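My entries follow the order in which I checked them.

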Amino acid sequence: MDHRSEITKLFSFIFVWLITCSSLLSQDNYGKYTFTPAPDVWYNSVDGVRLGIRVLGEHEGSFKDGPHRLDAGLWVGTNFPDNPVSYYLSFTEPVRSISDFGEEGSVQAVSSIRTGFSSHSLSLNKRWQDGFNELRYKEVSASFSQQKMYDVAYRPYPIQWSSGWKSLAGIEFMLHNESDEKTFELNLDFQQNLNPESPSFSVLNAEIWNKLSLNEHFGLALRVFGGFTSDNTAPEFLYTASYAQPINWLGNGISRAKGTLPTSWLDNGLAQVSGGGNLRGYTDTQYSDLSVAGFNSIVALNTEFEFPNPINSSLKNGMIGEFVFLKSYVFADAGTVFEDNPVLLDAGVGLQFSINIPDFLGKPRGFALRYEVPFWISEPDAGKSSFEFRNLIGFGAVISL
């Protein structure tokens, strides 16, 4: 395959970097370098049961914010497909000249070949923090990556993917402010394909989250999303009304490959992978048809009004109340995918179970599982009613703060 020479070059670079950094371990004011292994088991219909091991590498006492941070995994598919062995490797090295307490600058290299997708990137990252408050910060990241989908067997909807190499230059900005009464986050992400052997295209995603605590029991959450792509954009970066861009399905083990999530659930709109416009009432409509290429642009507003429920009240009073939540809410979404289509509206009620254990920078870590009933939509398909029983299981939070 033509991806192997590129992989060898980048992987060799990362390996040399690791050896160079390991020679500097004695110069850091931390304990010895340790590796923490853990078994890993997953499933998709191509690999079958995928068995592997994950390894975290760090200095004792660094609490995952020290030098030479390693996150790696190696797996083998028990179905023994064409490419049974897969891997993931991430190595992060702080840059002392642009770092301060709570305001790290770092270089990160990431390389992976798994579930039919080859991806390799190098990024320069910088964080600015408001004093000792880890919940008020800004981050910027500049990156260059090479990506290719090389095995279509892993994709539940192959038409949503191109097969050539992409050489993507990107810049991402995040602003996060959090207090007891309000949480606000802004994300901007721009990518440009620079590979002269494939069509040039641009992708811009902008996202704003704002969550307000109205009192002890009620809350209001808002999300605004805008996604814009140029002509000739690869289909994995295009949009549907309800789902994340196909390229972002790879960031979640549930949606990374065909078969982990039953394809029939996606075909009939029962399952939703969060992201993009998140118009929850349109998973089973022409505006979120996963069997065709998506739309070039979308703008959407998601709203949730949270109200109390007895289960979550009990959780709050227990030991796990800071990490485990059951949220009950009514929601309404509005958006348009442009291209001569109308404004799409929906409304319904939902429950979200989530586990969140923040990392050392205060960022959320965990997962969210939703059950939602969008009982009304403004633009049903022909022969369907605006008021109709619809329900879905959502993976990932629409508004994750």
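**Entry 1. Salt bridges.** I counted a salt bridge when a side-chain nitrogen of Lys or Arg is within 4 Å of a carboxyl oxygen of Asp or Glu. Side chains of opposite charge can pair when their charged atoms come close. My search of the whole structure found 11 salt bridges.

Ground rules before going on. This is a predicted model, in which local features need pLDDT of at least 70 and side-chain atom pairs count only at pLDDT 80 or more, while totals for chains, interfaces and linings use all residues. Residues are numbered from 1 along each chain as its sequence is written, and side-chain values use heavy atoms, with hydrogens and water left out.

**Entry 2. The chain overall.** I listed 4 helices and 17 strands. These are DSSP runs numbered from the N terminus: helices are H or I with at least four residues, strands are E with at least two. The chain has 401 residues, and 46% of them are buried. For burial I used relative accessible area: buried is under 20%, exposed is over 50%, and partly exposed is in between (1.4 Å probe, protein chains only).

I then looked at contacts, meaning heavy atoms within 4.5 Å. Among contacts with a separation of 6 or more, 59% join residues 24 or more positions apart.

**Entry 3. Single pairs.** I checked glutamate 139 with arginine 127 and found their closest N and O atoms 3.1 Å apart in a salt bridge. Glutamate 139 sits in strand β7 (residues 133-149) and arginine 127 in strand β6 (residues 117-130), 12 residues apart. Both glutamate 139 and arginine 127 are buried.

Next came glutamate 304 and arginine 280, which form a salt bridge at 2.8 Å, N to O. Arginine 280 is in the loop between β12 (271-273) and β13, and glutamate 304 is in strand β13 (residues 297-307), so this pair ties together parts 24 residues apart in sequence. Why did I log arginine 280 as buried? Its relative accessibility is 0%. Glutamate 304 is buried too, at 2% relative accessible area.

Glutamate 304 has another partner. Lysine 327 forms a salt bridge with glutamate 304, with the closest N and O atoms 2.8 Å apart. That pair links strand β14 (residues 324-336), which holds lysine 327, to strand β13, across 23 residues. Lysine 327 has a relative accessible area of 10% and is buried.

Which residues are linked in the network of salt bridges? I wrote down Arg280, Glu304, Lys327, Asp333, Arg370 and Glu372.

**Entry 4. Threonine 303.** Threonine 303 is in strand β13. I logged threonine 303 as buried because its relative accessibility is 19%. Leaving out residues up to four places away in sequence, threonine 303 touches Ala221, Leu222, Arg280, Val330, Phe331, Ala332 and Asp333. I also took the C-alpha to C-alpha distance from threonine 303 to asparagine 210: it is 9.7 Å, for residues 93 apart in sequence.

**Entry 5. Glutamate 339.** Glutamate 339 is in the loop between β14 and β15 (344-356). Its relative accessibility is 45%, so I logged glutamate 339 as partly exposed. Glutamate 339 touches Phe295, Asn296 and Ser297, again not counting residues up to four places away in sequence.

Entry 6. I worked on a 1 Å grid over the protein atoms alone: a cavity is a set of points where a 1.4 Å probe fits but cannot get out, a pocket is an open set with protein on both sides within 12 Å along at least five of seven lines, and lining residues have an atom within 4 Å of a point. Grid points are joined across faces, edges and corners, and a volume is the space filled by probe spheres set on the points.

I found 6 cavities of 30 Å³ or more. The largest cavity holds about 80 Å³. Its lining includes Arg155, Tyr157, Trp161, Trp249 and Arg256.
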